[in-house]
Amino acid sequence: MSEMNNIIQLTDVRKQYGNDGITTEVLHGIDLTLLQGEFTALIGPSGSGKSTLLNIIGLLEHPTSGVIRVQGRDTGTLPDVELTKLRGRSIGFVFQFHHLIPAFSALENVMMPLMLEDGRPTPAQRERATALLTRVGLADRLDFKPAKLSGGQQQRVAIARALAANPPLILADEPTGNLDTAAADEIFKLLYEVNLESGTTFLIVTHDPRLAHRCRRVVELVDGRIVG
Amino acid sequence: MRIEWLLALRFLKEGRAQTFFMLGGVTMGVGVIVFLTSLITGLQRSIIEKTLGTQAHVVMRPPDDEARRIITPDSTLAVSANVERRAQRLSSILQWQQVMRELEKRPEVTAVSPLVAGPSFAIRGSATKSVALMGIDPEKYTRIVPMPSFLKEGEFRITANDAAIGTDLARELGVTLGDKIRLQTADGRSETITVAGIFDVGIRDLNRRWVFITLRSAQNLLDLVGGVSSIDVTVRDLFKAEVIGEQLARQTGLTAESWMKTNAQLMVGLKSQSASSYMIQFFVIISVAFGITSVLVVSVIQKSREVGILRAMGCSRRRVRHIFLLQGGVVGLVGSLLGSGLGALLVTFFASTAKNPDGTPIFPVVLEPGMFLIAAGVATVTGILAAAAPAVRAAKLDPVVAIRNV
C-alpha cells in the first residue's frame with residue numbers, strides 16, 4: 001500500500017483534558033489509517049471519545065501527543081492559518097444538526113467553502129453548487145433558505161456543501177441522528193452513492209448499528225481505544 | 001463582492017432588530033452632532049457678523065507718546081526718578097497715504113480706510129450732546145462698515161455740508177433730515193452740518209454718538225490738518241486678523257488692534273461655547289460606540305455557531321475578525337448618512353421656528369459638506385473601533401466549542 005493512498009494516518013494519538021495534575025485521558029494511543037475511497041463507520045458508546053477523535057481528524061482540535069498525517073503531510077507543526085487552509089481544502093464536514101448558515105440560501109451555503117477558498121463568489125462556483133444540489137435531489141430548492149427546508153433536505157444541502165471543494169475526506173458526525181428512519185435511510189444511501197461515484201473517503205460517526213453494518217469498514221471505539 | 005463583505009452584510013441583514021438598534025444609535029448620535037455643530041456654527045457666525053458689522057477687523061494707530069528720559073540710566077549710574085506717563089494727545093499717523101498704499105498691496109487685506117476720530121459736542125438750540133466725530137472717506141469707509149445698509153432715512157451722503165447721524169442722536173436733538181447741527185470741539189472750533197442721513201447700526205451707544213463727516217471737516221475740527229488718527233483694515237480671513245495685525249504693525253511701525261483683542265470677552269465666550277460643544281460631541285461618540293460594541297458582543301455570541309461552521313470550512317481567524325469589523329464600519333457609515341439627514345432636518349426645522357419678532361431667523365443655518373464628511377468619517381472609524389473587541393472575540397472562538405454548544 002503506497003503512502004499516497006493514505007488519506008489520513010493517525011499514529012499513537014493521545015488526548016488529555018484538564019491540567020495541574022488532574023488530567024483525564026480521553027484517547028489512549030489511537031492508530032488509524034483511512035485509505036482513499038474507504039467508507040468507514042466509527043461506532044462506540046457515548047463518552048468513548050468518538051467526537052474528540054473526529055475533531056482531531058478534522059484538524060479542529062490538537063492531540064496532546066501523536067502524529068496526524070493528511071495525505072502524507074504531518075500537520076503537527078503547521079500554524080493555525082495553514083491548518084485552516086488545509087481543512088478547507090481537504091476535509092468536508094457533515095454535522096448532526098445540519099449546521100447550515102441561516103442567512104444564506106441552499107445554493108450559497110453550498111458555494112460557501114468555495115467562496116472562502118477563492119475569496120469571492122464566481123459563476124463557476126454557482127455552476128458547481130447547482131450541479132451538486134441537483135445531484136442530491138434539490139434542483140428545485142436552490143434559492144430556499146435553510147429554515148424553509150425539511151430536516152432531510154437540510155442534510156442533503158450539508159452533504160452537497162461538504163462535497164463542494166471536492167475534498168478527499170468527508171467527516172460526518174451522526175449525519176442521520178436527527179432524522180426519521182426513512183429520511184435517515186435516504187441520506188445514508190446518498191452518502192454511499194457519492195462515495196462510489198467520487199471515490200471520496202468517508203468517516204461516519206453513528207449510533208445506529210443498522211447503518212454501521214451497511215458500511216464496508218467499522219471501527220469501534222471503547223474507552224478511548226480502538227477495539228475492532 | 002468579497003466574501004467578508006458578503007458575510008458581514010448578510011449577517012447585518014439577518015439580525016434585523018440588532019442592526020436596527022445599532023443604526024438607530026448611530027443615526028441619533030450623528031444627528032445630534034450635526035444639529036449641534038450647525039447650531040453653534042450658525043449662532044457664532046451670526047454673533048461675529050453682528051459684532052463686526054460696525055467694526056474693522058484691524059485698526060492701525062500711531063504708537064503711544066512716551067515720556068523721554070533726560071538722563072538714561074546705565075550700569076554705573078542709578079537714577080531716582082518718577083517717570084509719569086504722558087497724556088496721549090490726538091496724533092496723526094505719519095505719512096498715512098504711504099502707509100495706506102503699503103497696506104493695500106498686501107494680498108490678505110481686502111479693504112483699507114482712513115479715519116479721523118475724536119470727541120466733540122453736537123449742539124442744537126439748548127441741547128448739547130457729547131458725540132464722536134468720524135471723519136471718513138465715504139467710498140473707502142463703506143467697504144469696511146456697510147453704513148448705507150444701516151440707513152433708516154435719507155442717504156449716506158458725506159460732503160463738506162452733509163453728514164449722517166444715528167437715530168438716537170437725532171431723537172435727542174430733535175432733528176430730522178435737512179436740519180442743521182453745530183459741531184463744536186473743546187478748544188472752540190466749530191462747524192455747521194446738515195443731516196443728510198439717519199442710521200441705526202443696532203447698538204444704541206453708537207447710534208447716540210457717531211457723527212459721520214468728511215475727513216477734511218474732521219481734520220479741521222480736531223486740529224489734525226492733513227493727518228488721520230487711525231486706519232481701518234479688513235482682512236480676507238477674519239480669524240487671522242490677530243496674526244495679520246501683528247505683521248502689519250511690524251511692517252508699518254504702528255500699533256495694530258484686531259477685533260479679537262477688542263472683543264476679548266466675546267472670543268472667550270465663543271471659545272468656551274465651542275469647547276462645551278466638543279465635549280458633548282465626544283461623549284455622544286463614546287456612548288454610540290458603547291452601543292455598537294454591546295450589540296455586536298451579543299451578536300457574536302448568537303453567531304458563534306455560524307462562526308464555528310465557517311472556521312471548519314476553512315475560514316481564517318483573520319477573516320472572521322474582518323467580518324465583524326466590517327459590520328461595525330458599515331453600521332457607522334450608513335448610520336452617519338441617516339444621521340446627517342436627521343440633523344439637517346432638525347436644524348432646518350429649528351431655524352424655521354426660532355425667529356426674531358420681525359420674522360428673520362435668529363441665526364442662519366450652516367450646513368457645510370465638510371461637516372457631513374467629517375461626521376461620516378468619524379462614525380465609520382468609531383464603528384470599526386467599537387467592533388474591535390467583539391471581532392477579536394469572534395476570531396478567538398474555538399470552532400469545536402462553537403459547533404457543539406448549540
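This is a predicted model: local features need pLDDT of at least 70, side-chain atom pairs count only at pLDDT 80 or more; totals for chains, interfaces and linings use all residues.
So, at what angle do helix α12 and α13 of chain B pack, and how far apart are their axes? Hold that thought for a second.

Okay, the answer. Helix α12, residues 317–353 of chain B, packs on α13(B) at an angle of about 150 degrees, and the axes are 7 Å apart. Anything over 145 degrees goes down as roughly antiparallel, so that is what we call α12(B) and α13(B). The crossing of α12(B) past α13(B) is right-handed. As for who takes part in that contact, the residues split into 19 nonpolar, 11 polar and 2 charged.

Let's stay with α13(B) for a bit. This helix covers residues 369–396 of chain B, 28 residues in total. At 1.5 Å a residue you'd expect a span of 40 Å, and the end C-alpha atoms do sit 40 Å apart, so the two agree. That said, α13(B) has a bend of about 40 degrees at B:Ala388.

α13(B) has another partner to show you, helix α2 of chain B, residues 16–52. Here the axes come within 11 Å and cross at roughly 145 degrees. This crossing is right-handed too, with α2(B) passing α13(B). On the α2(B) side, the contact uses B:Val26, B:Val30, B:Ile33, B:Val34 and B:Thr37. Facing them from α13(B) are B:Met371, B:Ala375, B:Ala379 and B:Gly383. By class, that's 7 nonpolar and 2 polar, with no charged residues.

Now over to chain A. Take helix α5, residues 151–164, and helix α6, residues 181–198: their axes come within 10 Å and cross at roughly 15 degrees. That angle makes α5(A) roughly parallel to α6(A). From α5(A) you get A:Gly151, A:Gly152, A:Gln155, A:Arg156, A:Ile159 and A:Leu163. They meet A:Ala183, A:Glu186, A:Ile187, A:Leu190, A:Leu191 and A:Val194 in α6(A). Sorted by class, the contact of α5(A) with α6(A) has 7 nonpolar, 3 polar and 2 charged residues.

Definitions and conventions: Residues are numbered from 1 along each chain as its sequence is written. Chains are lettered from A and ligands numbered from 1 in the order in which they are written. Helices (H or I, at least four residues) and strands (E, at least two) are DSSP runs, numbered from the N terminus. The expected span of a helix is 1.5 Å times one less than its number of residues. The bend at a residue is the angle between axes fitted to the seven residues ending there and the seven starting there. Axes are lines fitted to C-alpha atoms, for helices over the stretch in contact, and angles run from 0 to 180 degrees between N-to-C directions. Angles under 35 degrees count as roughly parallel, over 145 as roughly antiparallel, 65 to 115 as roughly perpendicular and the rest as oblique. Two residues are in contact if their C-beta atoms, placed from the backbone, lie within 7 Å. Ala, Val, Leu, Ile, Met, Phe, Trp, Tyr, Cys and Pro count as nonpolar, Asp, Glu, Lys and Arg as charged, and the others, Gly among them, as polar. A crossing is left-handed if the near helix is turned anticlockwise from the far one by less than a right angle, and right-handed if clockwise.
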